[in-house]
Amino acid sequence: MLVYLGRRLNLLVITLFILCAGSFALAFLFPGDPLTNLSGLANPDEQLRQQLMHKYALDQGFFASLWQYFQLIFAGDWGISMRSGSSVFEEVTRTLPASIELSVYAMVLSLFIGLPLGIFSGLSHRKALDRGILSFSLIGYSVPVFWLALLMILVFALKLGVLPMSDRVSLLYDVPLNTGFVLLDILQSDMEHREAALQNAFAHLILPTLSLTVFTCSLIVRLTRRSVINVMDSDYIKAAYAKGMSRSEVVWQHGLKNALIPIMPQLVMQFTLLMTNAMIVEVIFSWPGIGEWMIQAIYQRDFPSIRGGMLAVSVVVVSFTISMDVLLKLLYPLSKRQLHAQV
Amino acid sequence: MPLLDIKNLTLEIDTSFGWVKALDKVNLSVDTKEVRALVGESGSGKSLIVKSIIGALPERWKVTADRMNWKGKDLLSMSDNQRRAITRSEMSVVFQNPLSALDPSATLEEQIAETIPDNLLDKGWFWQRRAQRHSIAVAQLHKVGIRDHELCLKSYPHQLPEDVCQKFTIAMALASNPRLLIADNPTMGMEITTKIQILRLLSKLNKTRELSILFVSHDLLAISAMADSMTVLYCGQSVESGKMTQIRKRPLHPYTKALLDSAPSFRRDLPPKAALHCLEGTIPTLQHLPIGCRLGPRCPRAQKECVKMPDVRRIHDHHYACHFPLHRDKA
């Protein structure tokens, strides 16, 4: 187990290291002055230029400047956004929680819907229920997320007018920024009309969460269904029936455990896909998350922000992946032989 | 009355080239206190017979039989619950491949505990039952020759060598104290000393506990040591069945003769360095099943009539299905 943990930590550290180096390289690959791309200060005069050269150690060779860059990244100095003039790090910490919040809700919702549906579908293989669930999941799997989001806005926000179509919470409520998760912030704050604000925030969450859930949920349904079918066809399930156990006993004691353990990592990995989709959905719903923020940065050629945003998102994805890997290992120590990481 | 009586069992399976009769009118019966051997090459459908007896086939496959009786009650017309009650208390199965027949995510203790029915436990409080199950499990493991029972019970299937798992599945099958043990190749892959130990255990149980055994194997030596009677299977058809001694002395079906001849230890008259006898060709695949008697293309005695399925004929309790059985020559 220690060897395993060591290996995964090693993987995490090295991957983060490479990500940092990659983001450093971006400063040179983007058009324009690397110094401007790193610091976010456009057209520095000679004195400032010297100062920045010294700060980023660009005059001391490649490795020294890379090392300096790491230290700055860890110190939270990610440069200044060219658009707003505020620190990139602060903007990332403001927008990233909004994205994570959206993705987490969508993930939880799709797990709660997808897993039972997949299990039911797998258990009634080749029956009407299975076919029905499978065809719905196929539709959900094929519909493009952005199109679905637009449709939802059209139906629920414009035609029916029951749900709001943009932002996290109505402008009427002044939610103090604390954790960055809007529901938590509202719960922690001592503002007036807290319940109303909470309801309003919920209403704002529904459409983006749903449009994300449809895709992930159908993916989970398909994964679970396939795994359940495979396991229920296996010899030890037949052996369990031959022992004289009833169907529900077999399913609960032998079926589900064996069906769900191998797909756990795959289920968890859907979260990263979800994050990517969340970025698109954010733009459509004007959700103030990192996706929307980065797309704005790309439009305005705000290179320090693009660099910082990419670094932040990839760090979140990598650390999430590896920590879930370790967590699953702790929960199910069965796959002992899997010492090396798998893609 | 036979314990298990199967007549004209036909199993149709759907493959990519249509429905195929994997089992064609198989007859099989196991009497009380009898050790019945079921012999056939790999791919002759032995395991399919086992699976259709316990009802572990996919639901879309069609199983039909004129008769499939367990102590006079028809198994096929029973509800799932009734059938399960029988497999729970009276029938046990040892599957062919122990590693795939054991749940990979449960310890062996959990798995053997499930097979011990409540009526084997004496009346205790529910918290005492765990300990009782444990002691029964340990006793069973000792019987099949697993000495390190604590390690075995604590392990997951992949942590143990295959022959230990094999012995464990036998112990698990015997734990419910069944009337009939269906052993699908139970000694596969064991070294010879353990094999003898297991065979001895089975014949002892057969004598002391009146356990009937359906012994599915292609190990003719083990079979001749154990079995009272034998059913020979070729490509999903039962070709001959009868008392072990009779069949060995005088096989009537050409396939049985070829099978017995292929085992050198059955041929005392075999001179040193003589070529071993075997039938030409291989067992046909499911796509290319011959019509009529499926041995036809390989049979040394085949004639035009063999494209029709021969009826089962009998001499006393020796049944065979052949148009041109071997005794005709001698007559």
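This is a predicted model: local features need pLDDT of at least 70, side-chain atom pairs count only at pLDDT 80 or more; totals for chains, interfaces and linings use all residues.
Biologist: What makes strand 7 and strand 12 of chain B edge strands?
Modeller: Start with the order of the open sheet: 7-8-9-3-10-11-13-12 in chain B, eight strands with mixed pairing. Strand 7 (91-94) and strand 12 (313-315) each have a single partner strand, so one side of each lacks a neighbour in the sheet. From one strand to the next, the twist averages 15°.

Biologist: How do you know that strand 8 and strand 9 of chain B pair?
Modeller: Pairing needs at least two bridges. Strand 8 (residues 180-184) and strand 9 (residues 212-217) of chain B are joined by five, and they run parallel. Therefore they count as paired.

Biologist: Which strands of chain B does helix 8 lie across?
Modeller: Helix 8 (residues 192-208) lies across strand 3, strand 8 and strand 9 of chain B. It runs at about 150° to strand 9.

Biologist: And which does helix 1 of chain B lie across?
Modeller: Helix 1 (residues 46-54) lies across strand 3 (35-39), strand 7, strand 8, strand 9 and strand 10 (229-234) of chain B. Its angle to strand 8 is about 145°.

Biologist: Why is B:P157 called buried?
Modeller: The cut-off is under 20% relative accessible area. B:P157 has 3%, so it counts as buried.

Biologist: Where is B:P157 found, and what does it touch?
Modeller: B:P157 is in the loop between helix 6 (149-154) and helix 7 (162-175) of chain B. Beyond residues up to four places away in sequence, its contacts include B:L99, B:L102, B:P104 and B:C165.

How values were computed:
Residues are numbered from 1 along each chain as its sequence is written. Chains are lettered from A and ligands numbered from 1 in the order in which they are written. Side-chain values use heavy atoms; hydrogens and water are left out. Helices (H or I, at least four residues) and strands (E, at least two) are DSSP runs, numbered from the N terminus. Axes are lines fitted to C-alpha atoms, for helices over the stretch in contact, and angles run from 0 to 180 degrees between N-to-C directions. Contact means heavy atoms within 4.5 Å. Buried means under 20% relative accessible area, exposed over 50%, partly exposed in between (1.4 Å probe, protein chains only).
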